Amino acid sequence: MVSLDVLNRHCQVVAKRLAEGKVIPFLGAGANLCERPSGVSWREGRFLPSGVELAGYLAETYAYPGPDASDLLRVAQYVDLTAGDATLFEELHAIFAGSYAPNKLHRLLADLPANLRGQSREPCGQLLVTTNYDDAVERAFAEAGEDLDVVYYAVAPTEPGRFIHIRPDGEQVEIGDRAEYREFDLEHRSVLLKVHGAVNRADLEADSYVITEDHYIDYLARESIERLIPTYLMARMRTSHFVFLGYGMRDWNLRVILRAIWAGQARHFTSWAIQRDADEIDRRFWERHRVETHVWSLEDWVDALRAELS
């Protein structure tokens, strides 16, 4: 049973800090389950898969022999080893380049800039972070008529990866010196930071996925995460609250990213994790890092926050 009083008080705080540009939504794979009807499983072309569903699909398709068929890193590593990374990327492209409509969470985030402009508040741009590969957020912003800068991690097999900036006009710029790069304008345009790569609908060869065990090792071993993410964006993350949407704590790469962010905070900003089902491990992890856990559905959270913003 959702406590409306607690939910509404939480959304009042989040809405105020969002209006001040001090809350960063952090989307996990569970964010794509928002609005999916109860009991309906993933189907290509209709719903985006969760991490467990994607792992199960790859495990069944490529006869994964292990008992842990829900472990996406392990299953993806197996597909890479047995069929090649080209095969793995083709499978992922076919899934994530499908025609998926943005859900109400994606639309809420895309409506934020106009909502804040309508209240004569600044800044209007928001920083959003995701470990998802799909482009549902980008499509929501396009439908809302809002400019969006996209910054995604590009996997490089023989050299350190780097971040690519896709400007609102479609131009792609490789971010060389992350400390000096300043081609963002969070006062007026939102930025979507995709820390695990992204699908490219127009060009399969330009797809980038941090998804296998080797990818994660390369991602974390070659460079510290704070030396990869553009300094301008890292500075915003170190002076903001986070609201984690659709996350469990089994993603140890996420933990490394968060440790790097929180270690650089001079003062503590309370963050929040919105999970429909939070197990004991998740709750203990969040508590250790002083993140409030709320067991609400994303649908209820989105409706309450939209009402508060209105």
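Analyst: Let's start with I261, which sits in helix α9 (residues 252-263); helices here are DSSP runs of H or I with at least four residues, strands are runs of E with at least two, and both are numbered from the N terminus. Keep in mind that this is a predicted model, where local features need pLDDT of at least 70, side-chain atom pairs count only at pLDDT 80 or more, and totals for chains, interfaces and linings use all residues. Residues are numbered from 1 along each chain as its sequence is written, and side-chain values use heavy atoms, with hydrogens and water left out.

User: Is I261 buried or exposed?

Analyst: Buried means under 20% relative accessible area, exposed means over 50%, and partly exposed is in between (1.4 Å probe, protein chains only). I261 has a relative accessibility of 0%, so it counts as buried.

User: Which residues does I261 touch, not counting residues up to four places away in sequence?

Analyst: Contact means heavy atoms within 4.5 Å. Leaving out residues up to four places away in sequence, I261 touches M234, M237, R238 and F242.

User: What does the side chain of T130 reach at 3.0 Å?

Analyst: T130 is in strand β2 (residues 127-130), and its 3% relative accessibility makes it buried. A polar contact is a pair of N or O atoms within 3.5 Å; within protein, one must be able to donate a hydrogen and the other to accept it, and residues adjacent in sequence count only if both atoms are side-chain atoms. At 3.0 Å, the T130 side chain reaches the backbone oxygen of L27.

User: Why do the buried residues of α1 line one face of the helix?

Analyst: The buried residues in α1 are L7, H10, C11, V14, A15, L18 and A19. Looking down the axis, they line one face because they fall within a limited arc, taken from the directions from the helix axis to the C-beta atoms. That arc is 155 degrees.

User: And which elements do the buried residues of α1 pack against?

Analyst: Helix α1 covers residues 4-19. Its buried residues pack against β1 (23-27), α5 (104-118), β10 (271-274), β11 (291-294) and α11 (298-309).

User: How do α3 and α4 cross: oblique or roughly perpendicular?

Analyst: The axes of α3 (residues 72-83) and α4 (residues 85-96) come within 6 Å and cross at roughly 130 degrees. Axes are lines fitted to C-alpha atoms, for helices over the stretch in contact, with angles from 0 to 180 degrees between N-to-C directions. Under 35 degrees counts as roughly parallel, over 145 as roughly antiparallel, 65 to 115 as roughly perpendicular and the rest as oblique. That makes α3 and α4 oblique.

User: Which exposed residues are on the face of α10 turned away from its buried side?

Analyst: In helix α10 (residues 280-288), the buried residues are D282, F285 and W286. They cover an arc of only 95 degrees around the axis, so they are on the same side of α10. The face turned away carries the exposed residues R284, E287 and R288.

User: What is the phi of A63, roughly?

Analyst: A63 lies in the loop between α2 and α3, and its 54% relative accessibility makes it exposed. Although A63 is not a glycine, its phi is positive, at about 55 degrees.

Conventions: The expected span of a helix is 1.5 Å times one less than its number of residues.
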